[in-house]
Amino acid sequence: MLPYLVEGPITVGRSIVSSRTGFVVCEAVLQVYRTSPSCRILICAPTNKGCDVITIRLRGKIPESNIFRANATFRELDGVPEEILPSCLYIKKRECFSCPSIHELRKFKVISSTFMSSHRLHNAGITAGHFSHIFLVDASSVIEPEAMVALANLANESTVVTVTGAPGDHSGWIHSRMARQNGLLISYFERLRKSKLYDILDSKLCLVSIVARNIPEMNWEYLFFGILAAGILLIIRSGDNKKEETQNRNRNSNRDNSSPPPERIISPKIPPSKRPPESRPPPPPVSSSSSSSFGTPLSPPKPPGRPSTKPFLSPAPSNPTNPNSKTAYILVEKDALPIYAIPEDLKDSIKKDVVPRILKRPLSPSTYKDYFEALLYAEDFYLEKWDGFEMKNVTLELEAASIHKRKGKYNKKNVDDEKDDKVFVAFELDTIPERRPFLLSRDFVSVSLSGTRAEPFQGLIYRVVKSNRVLVEFGEDFHVQHYSACKYNVKFSFNRVCLKRTHQAVATASDPLFRNFLFPDSISKNSLLTAQLPSIDLDWRQISAVRHILSNQNAVPYLVEGPIAIVCEEVDGNRSNFLSRTGSVVCEAVLQVYRTSPSCRILICAPTNMECDVITRSLIKGKIPESNIFRANAAFRELDGVPEDILPSCLYKKERECFSCPSIHELRKFKVISSTFMSSHRLHNDGITAGHFSHIFLVDASSVIEPEAMVALANLANESTVVTVTGAPGNHSGWIRSHMARQNGLLISYFERLRKSKLYESLDSKVITVL
């Protein structure tokens with residue numbers, strides 16, 4: 001079966017309107033849907049925007065019950081158009097998108113997905129040949145291995161494949177010069193288009209020269225092209241069905257009577273490497289083995305008794321393909337990033353408690369990436385080690401809590417607020433650390449009734465109290481069946497989102513252009529800028545620090561060593577948070593930059609929400625208008641945990657009950673943005689590019705591991721960004737779980753490493769102030 005090519009403009013342009021190519025795709029899909037009752041159609045596009053626009057247009061003609069929009073697990077909810085949300089599956093209590101059970105998934109006649117997210121369908125149990133038609137839309141915009149994620153996993157010899165692309169269009173994310181110059185830049189579409197078969201422009205194989213003109217409505221010309229394409233597809237499909245029936249009859253006549261018949265639906269107990277030959281697709285132009293476009297092999301499914309920990313975020317049900325299961329899906333990490341599976345040789349070393357060789361070498365620009373990858377893999381191995389850890393015959397207690405729902409323009413608390421009564425499930429862990437996993441908020445828990453084979457109930461850890469009392473939030477299905485005498489078996493799995501973000505940041509930071517931030521060794525002459533008098537009372541050391549931050553024109557970070565930025569004090573019986581001397585320096589420096597540099601764009605990152613909130617409040621009091629400052633929150637931060645006075649500087653979408661970011665156009669207008677280190681990834685995800693910020697302040701960077709500091713720095717700074725890093729001596733991150741990672745360098749923060757380097761040990765005021 002040969003792919004059918006449609007050459008024309010990219011499907012969705014900047015105007016978010018389908019091009020003529022897009023209309024052809026949509027009309028062909030509609031024609032197949034209307035004329036073929038047994039059709040199953042997959043539409044893949046490079047971006048969420050492309051998939052969303054196509055889905056919106058199809059939903060006007062295809063019932064919601066027949067169309068499904070498959071999203072990456074941790075796609076931001078506020079980035080999904082409201083009109084297609086009914087065609088998605090969002091698990092609110094886990095704050096992520098999911099897929100329905102394999103039984104329900106097979107019922108959908110049309111599924112749309114990005115190329116990379118289509119792997120979720122393969123992972124969930126959709127087999128090669130399930131789809132009668134696959135449309136690879138704008139395949140010229142992705143590298144060939146990325147197109148193969150959909151094609152190699154979900155097509156077979158009977159699948160009708162349509163590939164669209166634009167002349168001169170290429171993928172934009174290839175970093176390697178060697179890869180670009182030696183073939184990776186040539187897309188699957190471009191390679192086929194230049195082949196002898198398609199070069200003849202036979203209309204049976206290729207539709208070309210669609211004029212690039214975006215219009216909002218379809219006219220007769222688009223309808224003609226769409227029907228023509230759909231007709232050709234149906235003719236090819238009809239002929240191929242007859243050919244396949246003949247081949248099947250021939251195979252059946254030659255097959256040994258004792259051998260089992262070929263099966264198209266693969267049981268979850270059979271790993272891909274042992275599938276019957278009949279169920280595999282023919283070899284595509286590139287390798288058909290399951291692998292990501294980043295070259296990392298994807299692990300085959302594990303037997304149901306022990307769910308795989310890579311790339312899953314939550315334990316899989318005991319039988320992922322059981323149509324009667326309550327939660328017949330597997331939570332995976334965000335598809336837009338690689339899986340970062342632990343290399344087998346490294347895993348063997350860590351398992352034997354042998355320190356990898358790379359960790360015995362000095363940290364340098366050439367070892368930076370491998371060094372921190374090994375440390376992060378050691379941390380990940382700890383999670384794998386305890387994934388599946390089970391506590392048996394546990395008694396679960398119920399613990400009630402009341403959460404206020406705010407009303408009014410700024411959602412301020414008042415006596416008339418409604419109360420959201422929540423009931424958490426509580427249980428105790430072993431007090432000896434070596435006998436149980438180290439758990440954190442947002443990790444996952446699954447519980448099942450002891451002595452039964454019932455499907456487990458999935459929950460999210462709300463808080464761990466005094467290291468051994470765990471509070472978990474479960475859904476209504478758990479509470480309906482629970483009574484006090486029940487005994488449960490409890491298992492754990494871990495949230496890997498932060499680890500993935502740090503892996504990505506380390507890879508980005510290893511770029512040679514980043515050397516001055518990672519290994520600064522010299523400074524240039526500073527030029528003092530004109531600064532106004534401090535607006536708050538500062539001592540001479542603090543004033544000196546502010547002046548040197550303002551005058552820093554070096555491509556190296558400026559360090560401020562002092563107490564952590566926020567101090568907690570008890571005033572009139574109430575605990576209050578205040579700026580420390582370090583925090584005052586940061587806020588005054590931000591205010592001075594804001595007042596003296598009209599074109600400034602400032603990012604302030606801190607380890608915790610509390611620190612970001614206090615700094616934001618101080619800046620608002622320092623006369624930065626609300627229209628110029630934005631507090632970026634994690635999507636599902638609790639609303640009642642946000643101070644009332646900074647809520648106007650946040651964006652909360654009440655209808656979706658989550659925090660969001662404004663459009664990229666609005667986001668670029670803010671002169672000051674504050675965020676936690678990890679949540680700064682949202683800005684990068686939403687389109688803020690490296691170099692947008694003129695100044696970046698990494699506040700209390702001694703409290704986070706270096707890869708966490710890189711989430712902000714590597715993604716959002718370039719060689720022209722002025723970077724200030726603050727930290728406290730002896731302060732360290734508290735969330736490292738792996739003993740090997742702690743002992744071999746992950747405990748050393750970015751601030752501490754720079755502070756001990758030769759450049760900063762001299763205590764030259766041009767690069768460091770000690771408060």
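Helix 13 is mostly tucked away in this predicted model: of its 13 residues, ten are buried. The helix runs over residues 497-509, and the buried ones are V497, L499, K500, R501, T502, H503, Q504, A505, V506 and A509. What does the covering? Part of the answer is other helices, including helix 11 (368-386), helix 14 (515-518), helix 19 (680-685) and helix 20 (706-716).

Now over to R69, which sits in strand 3, a stretch covering residues 67-69. Is R69 buried or exposed? Its relative accessibility is 0%, so R69 counts as buried, since buried means under 20%. Leaving aside residues up to four places away in sequence, R69 touches N48, C51, D52, T55, R75, I84, S87, C88, S112, S113 and T114.

How many disulfides does a search of the whole structure find? The count is zero.

| Residue | Relative accessibility | Class |
|---|---|---|
| R69 | 0% | buried |
| C99 | 4% | buried |
| C568 | 39% | partly exposed |

C99, at 4%, falls under the 20% cut-off and is therefore buried. C568, at 39%, lies between 20% and 50%, so C568 is partly exposed.

Methods:
Residues are numbered from 1 along each chain as its sequence is written. This is a predicted model: local features need pLDDT of at least 70, side-chain atom pairs count only at pLDDT 80 or more; totals for chains, interfaces and linings use all residues. Side-chain values use heavy atoms; hydrogens and water are left out. Helices (H or I, at least four residues) and strands (E, at least two) are DSSP runs, numbered from the N terminus. Buried means under 20% relative accessible area, exposed over 50%, partly exposed in between (1.4 Å probe, protein chains only). Contact means heavy atoms within 4.5 Å. The expected span of a helix is 1.5 Å times one less than its number of residues. A disulfide is a pair of cysteine sulfur atoms within 2.5 Å.
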